Amino acid sequence: MTTIADRLSLAQSRIVLAAEKCARDSQEIQLLAVSKTKPIAQILAAYAAGQRSFGENYVQEGQEKIQALQQSCPDIQWHFIGPLQSNKTRIVAEHFDWMHTVSRLKIAQRLDAQRPNSKAPLNVCIQVNISQEDSKSGCSATEAITLASEIQKMPNLKLRGLMAIPTATDDIHVQNLEFAELQKLYQVIAATSNDIDTLSMGMSNDLEQAIAHGSTLVRIGSAIFGARG
Ligand SMILES: *Cc1c(COP(=O)(O)O)cnc(C)c1O
């Protein structure tokens with residue numbers, strides 16, 4: 001039987017190997033452990049193995065976990081990576097350290113207004129829709145450029161980069177096309193500010209291709225915590 005610590009270290013090895021293959025420094029690639037739907041005990045197991053950043057998709061569930069672990073694991077960085085309705089922005093603004101799925105000005109404005117002054121600015125990625133599927137959330141490349149310049153004016157948000165969820169496919173050619181498109185857009189936006197250092201792409205099944213296209217943050221769920229029920 002493999003433990004969470006085993007699977008975490010396996011995921012880290014995949015990152016190191018993928019970085020070597022494209023002559024990148026693996027230190028510049030962060031592993032985000034996606035703990036959505038998984039119990040606190042599993043987060044604690046990953047924490048005990050040295051993991052410090054966790055991703056959650058659902059506001060309520062995320063808030064409960066953050067509050068439950070506040071005392072015992074105060075150095076966890078919490079990333080919100082799910083879709084967010086505007087009536088739930090306050091919970092993200094008050095509890096999370098990162099927000100990966102901003103794709104509308106209204107959401108950014110609310111997060112900026114609701115971020116407590118006692119906290120550091122909320123780290124933000126703009127979610128771009130690079131997939132062929134209309135159903136996927138995220139803004140267009142053109143919208144992302146406009147939104148980026150708006151967010152950069154907001155005092156309580158810190159724009160860190162871009163995020164995307166590509167088409168769900170095993171077709172490596174399609175994955176590569178989409179990652180390449182996001183990488184190109186990232187280079188345009190990164191040229192506007194030194195604060196921009198995060199390209200959030202790659203999951204359990206495609207982290208190698210994402211790293212080959214410049215990902216600096218891979219979001220890994222099932223490869224660490226097992227399949228979700
Ligand atoms: C669930 C989820 C992940 C993790 O996916 P796995 O395939 O389990 O690694 C990554 N990013 C987002 C946005 C997710 O919702």
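Predicted model: local features only at pLDDT ≥ 70, side-chain atom pairs only at ≥ 80, totals over all residues.
Trainee: How is α6 oriented relative to α7, at an angle of about 20 degrees?

Mentor: Helix α6 spans residues 141-151 and helix α7 spans residues 172-190, and their axes are 11 Å apart. Angles under 35 degrees count as roughly parallel. The angle here is about 20 degrees, which makes α6, relative to α7, roughly parallel.

Trainee: Which residues of α7 make the contact with α6?

Mentor: α6 passes α7 in a right-handed crossing. On the α6 side, the contact is made by Ala141, Ala144, Ile145 and Ala148. On the α7 side, the residues are Leu185, Val188 and Ile189.

Trainee: How many residues of the contact of α6 with α7 are nonpolar?

Mentor: Ala, Val, Leu and Ile are among the residues that count as nonpolar. The contact has no polar and no charged residues. The number of nonpolar residues is seven.

Trainee: How many charged residues does the contact of α2 with α3 have?

Mentor: Ile40, Ile43 and Leu44 of α2 meet Lys65, Ala68 and Leu69 of α3. Lys counts as charged. Five residues of this contact are nonpolar and none is polar, and the number of charged residues is one.

Trainee: Where does a side chain place an N or O atom 2.9 Å from an oxygen atom of the ligand?

Mentor: Gly221 and Ser222 are among the residues that come nearest to the ligand. Gly221 has a backbone N or O atom 2.8 Å from a ligand oxygen, and for Ser222 the backbone distance is 2.7 Å. The side-chain atom at 2.9 Å belongs to Arg228.

How values were computed: Residues numbered from 1 in each chain as written. Heavy atoms only, no water. Axes fitted to C-alpha atoms, helices over the stretch in contact; angles between N-to-C directions. Helix = DSSP H or I, 4+ residues; strand = E, 2+ residues; numbered from the N terminus. Parallel < 35°, antiparallel > 145°, perpendicular 65-115°, else oblique. Left-handed = near helix turned anticlockwise from the far one by under 90°. Contact = heavy atoms within 4.5 Å. Near = heavy atom within 4 Å. Polar contact = N/O pair within 3.5 Å; in protein donor to acceptor, adjacent residues only side chain to side chain.
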